[in-house]
Amino acid sequence: MSNFRWVICALLFLATTVNYMDRQVLSLTWKDFIAPEFHWSDADYGTITGLFSLFYAIANLFAGKFIDWMGTKKGYLIAIFVWSTGAVLHAGCGWAAMKIEGYDSIEALRLVQAGSDAAVAIATISVWLFLSCRLILAVGEAGNFPAAIKATAEYFPKKDRAFSTSIFNSGASVGALAAPATIPLLARAWGWEMAFIVIGVLGYVWMALWIWLYDKPRQNKRVNQAELNYIEQDVDDLADVQDRSAVKEEKTIPFFKCFTFKQTWAFLVGKFMTDGVWWFFLFWAPAYFSDQYGYTSDSAMGIALIFTLYAIVTVLSICGGYLPKYFVEQRGMNPYLGRMRAMLIFACFPVLGLLAQPLGTYSAWWPAILIGLLGAGHQAWSANLFSTIGDMFPKSTIGTIVGLGTMTGGLGSMAINMGSGQFFKWAADQGEAFSFFGFDGKPAAYMVVFCICSVAYLIGWCIMKTLVPKYKPIMIED
């Protein structure tokens, strides 16, 4: 049997890695490189990350349907071209702000007196410029997961999807791992603009590989008959089908009819409750270590903390695909029951986040380790959550459901990121007048948000289990 399906999985992993590196360039450069230049506050950054999440949510409403319509190969190509272009365009925001405000150089923007009307004008115009680029980035990135999940469903049988999904989904943590080791150093050596350009160009390289290697399994000359039998083992009576081209394509569920199924709502709730947690730490962790401990993103200690955090996420999250496989193959559970049992276990990992801020008073390493464990729990949860779609929906509708779910996840992310930016600014202004669990001011605000993040998974799991207590795949009538 050929094993070309793992080459496809590797491509999905690379795309997701690039996706998250493009997304994280801003979080690793704004506090120490961009904010001094454009006079940004936490609220400004919160607005950018929050509205990016909103753009991403809206784009996902259409991205899944677009991928189902265009097909996996063309749809993925268009998505990564758009987001890579959006990433590169960020590099021109400084030049555009300088020209619009009538300054002779970028350094002149930095030298404007903080708090002055001129500084407010520079901050405002630069925020709008970055938001324009984030809009393009969000529209393209919205296509990543619908296309990747659809490709996984095309190339892997149900029993292997959680593991293959956990592998490509680990690209999120690998991207987040590679980013702090490269982006701040690029920004320090050649300017923050070059960081956006270099990471953005990686997407164009991936496009060439995808054009060369990807075709559907039945049309891919690199997939032999034995591997095709393995991939399509879930098709009813497949052993009796001699001509694989005779296997009928499944009908697509109409868009609005998707909302009539409890299975759809279970997935939407799971994404809404938990995606914002991952995005919060993705966007705010570098600023957290800079604010609370004074370790800038380009300092040796700052890089080490973020690298350690995502190293934990990367190593442990890949194991997330094994646990449901054990429940299915060794304990005889159906795929959905095995996945839900595993997700309950993974939902307990984020509870450790309650200790991050208290133990952080002893060392910055404690938050790095505990947030890393929280992130590992999220990635394992996310891989299995995505796989529940393939368990219960026909392949023809997977892109649509993933798009809807990532849309609700984006809305949850918008709420937590925009709310956190305003909350952190307010708490910093209040100082000792605002207290929570023994912390004052901004540290108290971080403690509040950490508490919300820590319990979100258990709440989400309970709602999902209530909506869909048992395995019930959706059948489309001819």
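The structure is a predicted model, in which local features need pLDDT of at least 70 and side-chain atom pairs count only at pLDDT 80 or more, while totals for chains, interfaces and linings use all residues. Residues are numbered from 1 along each chain as its sequence is written, and side-chain values use heavy atoms, with hydrogens and water left out.

A look at confidence comes first. The predictor's confidence in each residue is given as pLDDT, from 0 to 100. The protein chain averages a pLDDT of 87, and 95% of the residues score at least 70. Helices (H or I, at least four residues) and strands (E, at least two) are DSSP runs, numbered from the N terminus. Among the elements of the protein chain, the highest mean pLDDT, 95, belongs to helix α18 (residues 441-467), and the lowest, 75, to helix α13 (residues 322-329). Over residues 236-248 the pLDDT is below 50, yet this stretch has 14 contacts in the model beyond near neighbours in sequence, a contact being heavy atoms within 4.5 Å. Where pLDDT is low, the predicted coordinates should not be read in detail.

Helix packing comes next. Two packed helices are described by the angle between their axes and the distance between the axes. A crossing is left-handed if the near helix is turned anticlockwise from the far one by less than a right angle, and right-handed if clockwise.

On the α3 side the contact is made by T72, Y76 and W83, and on the α7 side by N144, A147, A148, K150, A151 and E154. Sorted by class, this contact has 5 nonpolar, 2 polar and 2 charged residues, where Ala, Val, Leu, Ile, Met, Phe, Trp, Tyr, Cys and Pro count as nonpolar, Asp, Glu, Lys and Arg as charged, and the others, Gly among them, as polar. The crossing of α3 past α7 is left-handed.

L12, A15, V18, N19 and D22 of α1 meet Y76, W83 and A87 of α3. The residues of this contact divide into 6 nonpolar, 1 polar and 1 charged. The crossing of α1 and α3 is left-handed. V7 also lies in helix α1, and its C-alpha atom is 45 Å from that of Y362, 355 residues apart along the chain.

I371, L374, H378, W381 and L385 of α16 make the contact with F450, S454, Y457, G460, W461 and M464 of α18. These residues divide into 8 nonpolar, 3 polar and no charged.

A347, found in helix α14 (residues 335-348), is buried with a relative accessible area of 0%. Leaving aside its neighbours within four places in sequence, A347 is in contact with W381, Y457 and L458. The C-alpha atoms of A347 and Y457 are separated by 5.0 Å, although the two residues are 110 apart along the chain. Y288, in helix α11 (residues 262-293), counts as buried at 2% relative accessibility. With neighbours within four places set aside, Y288 is in contact with Y293, Q357, P367, Y446 and F450.

Finally, two loop residues other than glycine have positive phi. H39, with phi near 60°, sits in the loop between α1 (5-38) and α2 (42-70) and is buried at 18% relative accessibility. F437, with phi of about 50°, lies in the loop between β1 (435-436) and β2 (439-440) and is exposed at 63%.

How values were computed. Buried < 20%, exposed > 50% of the residue type's maximum accessible area, 1.4 Å probe, protein only.
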